[in-house]
Amino acid sequence: MSSMRRLVALDLGTARTRSLALSGHTVADRPSAIMRRASGAAEVVRPIRYGMVADPGACLRLVRLVLQDTRLYDTRPPARVLAGVPMAASPSDRRAVHAAVTEIAECEVMLVEEPLAAAVGVGLDVLDPRPCLVLDVGAGIVEAVAIGEGAVADAVSLQLGATTAAGLPSYALESVVDMTAGLLRRLPTGSRAPGLVVTGGGAHQEQLLSRLRAALPLPINVAPQPQHATIRGLMRLCLQPALAESLGLRAR
């Protein structure tokens, strides 16, 4: 890679969008909602819903703002951007993210499933044959995954209409616990997960953690700075192309 270009990680979220450039020491964090003028009046637009592109035009503006954040400490043009997408993202969802980031960044773009990036970001050995379990709690989507030998072996998702300041709404708590328990039950016979790591902005919700601990027969641990697990995993994959390749990730 030329020394005149840089690597960027991008985590487009329903409520918050985070970015990190190779030379940056802190994660840039901004609300995903942006202001747009229509017929002379300002309106709040949410480009991302359920962790996926809901408004392509607004998403372009959001990506432009986010990449400007990273230029505050590094003005070089990006050589590659790693952008997170939910496991549940459809091919058209993935194309929408790829198109928006490519148009603004004008460089290689690699898409990475967010729970997989989060696992890498918290230091789990995703290449180990023994499964590691991650519950990624976002504002618009919650995903639980089992990862082993460099691949996602199983995944479940729950899309949320909205979250409260305290975290997941009460109606969603049992659904999240049930889907995570179901994922655990489906692990192959003889596979023993060492624990469940909770990541994402909603990871510290005590009501969720207490219900998980009551329902699941394994340790439940909250990742350090869980809201930054995905963005740090994306950057680690930027820095370790051999690891990215071993996970089947390739730019296009």
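Two strands count as paired if DSSP finds at least two bridges between them. Helices (H or I, at least four residues) and strands (E, at least two) are DSSP runs, numbered from the N terminus. The model is a predicted one, in which local features need pLDDT of at least 70 and side-chain atom pairs count only at pLDDT 80 or more, while totals for chains, interfaces and linings use all residues. Residues are numbered from 1 along each chain as its sequence is written, and side-chain values use heavy atoms, with hydrogens and water left out.

One of the pairs is Ile141, whose bridge partner in β12 is Gln159. Glu149 lies in the loop between β11 and β12, and its phi is near 55°, a positive value in a residue other than glycine. Most residues other than glycine have a negative phi, and most peptide bonds are trans. Glu149 is exposed, with a relative accessible area of 59%; the cut-offs are under 20% relative accessible area for buried, over 50% for exposed and partly exposed in between, with a 1.4 Å probe and protein chains only.

Strands of a sheet pair through backbone hydrogen bonds, either parallel or antiparallel. Strand β13 (residues 196-199) and β14 run parallel and are joined by three bridges, and Leu196 has Ile220 in β14 as its bridge partner.

Angles run from 0 to 180 degrees between N-to-C directions, and axes are lines fitted to C-alpha atoms, for helices over the stretch in contact. Helix α4 (residues 170-185) also packs with helix α5 (residues 206-215), at an angle of about 35° and with the axes 10 Å apart. This crossing is right-handed: a crossing has that hand if the near helix is turned clockwise from the far one by less than a right angle, and is left-handed if anticlockwise. From α4, Leu173, Glu174, Val176, Val177 and Thr180 meet Gln207, Leu208, Arg211, Leu212 and Ala215 of α5, where contact means heavy atoms within 4.5 Å. The residues of this contact divide into six nonpolar, two polar and two charged. Here Ala, Val, Leu, Ile, Met, Phe, Trp, Tyr, Cys and Pro count as nonpolar, Asp, Glu, Lys and Arg as charged, and the others, Gly among them, as polar.

Another open sheet of five strands has the order β3-β2-β1-β8-β9, again with mixed pairing. Its edges are β3 (28-31) and β9, each with a single partner strand, so one side of each is left without a neighbour in the sheet. The twist averages 20° from one strand to the next. Strand β8 (residues 78-85) pairs with β9 in the parallel sense over six bridges, and Arg80 stands opposite Glu108 in β9.

Two helices lie across strands of this sheet. Helix α1 (residues 56-70) lies across β1 (6-12), β2 (16-21) and β3, at about 135° to β1. Helix α3 (residues 114-121) lies across β1, β8 and β9, at about 85° to β9.

The loop between α2 (91-105) and β9 (108-113) holds Glu106. Although Glu106 is not a glycine, its phi is positive, at about 55°. Glu106 counts as exposed, at 64% relative accessibility.

Leaving out residues up to four places away in sequence, Val44 touches Ala33, Ile34 and Met35. Val44 and Ala33 are 11 residues apart in sequence and 6.5 Å apart in space, C-alpha to C-alpha.

Helix α6 (residues 229-239) is mostly covered, with eight of its 11 residues buried. Among them are Ile231, Leu234, Met235 and Leu237.
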